[in-house]
Amino acid sequence: MAEHAEESKVEALVEKIKEEFHDSSSSDSDHEKSEPSSSSIKAKIYRLFGREQPVHKVLGGGKPADIFLWRNKKASAVVLGGATAIWILFELMEYHLLTLVCHGLIISLVILFLYSNATTFIHKSPPHIPEVSIPEDLTVNIALSLRYEINRAIACLREIALGRDLKKFLAIIAGLWLLSVVGGCCNFVTLFYIVFVLLHTVPFLYEKYEDKVDAFAEKAMVEIKKQYAVFDTKVLSKIPKGPFKDKKQH
């Protein structure tokens with residue numbers, strides 16, 4: 001009897017999830033008929049991560065988004081080629097960063113020294129070395145934004161560590177474990193290069209095939225929520241609550 005009641009509870013949760021995903025297409029039909037057909041069609045379309053804006057705007061717009069989405073093919077190829085050259089230099093040729101910096105400075109100083117001494121013979125002005133100037137307002141804004149993000153991350157970690165959101169706690173643990181596995185397979189330079197290549201390929205491919213990807217993601221999300229509902233009913237709901245929640249209720 002207990003197993004039958006538990007199975008019926010899981011089925012009810014699954015049905016509830018299905019209803020939530022298809023509310024936009026099944027409910028308020030009279031209201032949808034009164035609106036233009038294009039807006040009603042847009043409301044029915046599921047977008048990955050609840051996206052409401054085009055991919056270009058999600059990436060921030062401007063030149064960085066153009067590079068990630070290959071709108072400016074020449075700039076995208078130069079950036080990706082430069083990253084590939086740096087990866088080959090450090091990973092395949094085993095060049096070290098300190099060695100590269102020292103060699104670059106040696107070459108630059110030798111060129112400037114020779115050119116400065118040659119100007120007296122060719123009657124030209126010595127090379128002008130520009131000064132670095134960073135506006136104070138920009139520096140303060142960056143520092144304030146960085147402080148805000150760090151405090152928000154610490155607050156989020158505090159909430160997770162105290163066990164107030166078990167779902168987020170399990171997701172963070174799984175993510176850190178997966179990251180540790182990936183880190184054990186490759187070093188930081190290779191991992192950074194892989195992420196850089198993914199940033200230049202995944203958004204471009206997603207924008208090109210977004211309708212197919214969103215349709216598949218909707219089905220996958222429904223299935224994930226089904227499995228989580230079963231896991232929540234059979235495992236998470238049976239875990240005793242922390243003592244801080246009891247104190248909070250009192």
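Helices α10 (166-185) and α13 (210-234) each supply at least two residues of a nonpolar surface patch, where helices are DSSP runs of H or I with at least four residues, numbered from the N terminus. This is a predicted model, in which local features need pLDDT of at least 70 and side-chain atom pairs count only at pLDDT 80 or more, while totals for chains, interfaces and linings use all residues. Residues are numbered from 1 along each chain as its sequence is written, and side-chain values use heavy atoms, with hydrogens and water left out.

**The nonpolar patch**

- The patch covers about 530 Å² and is made by L166, F169, L170, I173, Y228, F231 and V235; such patches join nonpolar side chains (Val, Leu, Ile, Met, Phe, Trp, Tyr) within 5 Å, taken from residues with over 30% relative accessible area and no salt bridge.
- A salt bridge here is a side-chain nitrogen of Lys or Arg within 4 Å of a carboxyl oxygen of Asp or Glu.
- Four residues, the largest share of the patch, come from α10.
- Y228 has its place in helix α13 and counts as partly exposed because its relative accessibility is 31%, given that buried means under 20% relative accessible area, exposed over 50%, and partly exposed in between (1.4 Å probe, protein chains only).

**Helix α13**

- With 25 residues, α13 reaches 35 Å from its first C-alpha to its last, close to the 36 Å expected at 1.5 Å a residue, the expected span being 1.5 Å times one less than the number of residues.
- Buried residues in α13 include D214, A217 and V222, together with A229 and T233.

- S76 lies in helix α7 (residues 73-92) and counts as buried because its relative accessibility is 0%.
- Leaving aside residues up to four places away in sequence, S76 touches D66, I67 and W70, where contact means heavy atoms within 4.5 Å.
- W70 is found in the loop between α6 (62-68) and α7, and although W70 is not a glycine, its phi is positive, at about 60°.
- E94, found in the loop between α7 and α8 (97-122), likewise has a positive phi, near 55°, in a residue other than glycine.
- Most residues other than glycine have a negative phi.
- W70 is partly exposed, with a relative accessible area of 23%, whereas E94 is exposed, with a relative accessible area of 61%.

How values were computed
Patches are made of residues with over 30% relative accessible area and no salt bridge: like charges are joined within 9 Å, nonpolar side chains (Val, Leu, Ile, Met, Phe, Trp, Tyr) within 5 Å. Accessible areas come from the Shrake-Rupley method with a 1.4 Å probe; for residues, only the protein chains shown count as cover.
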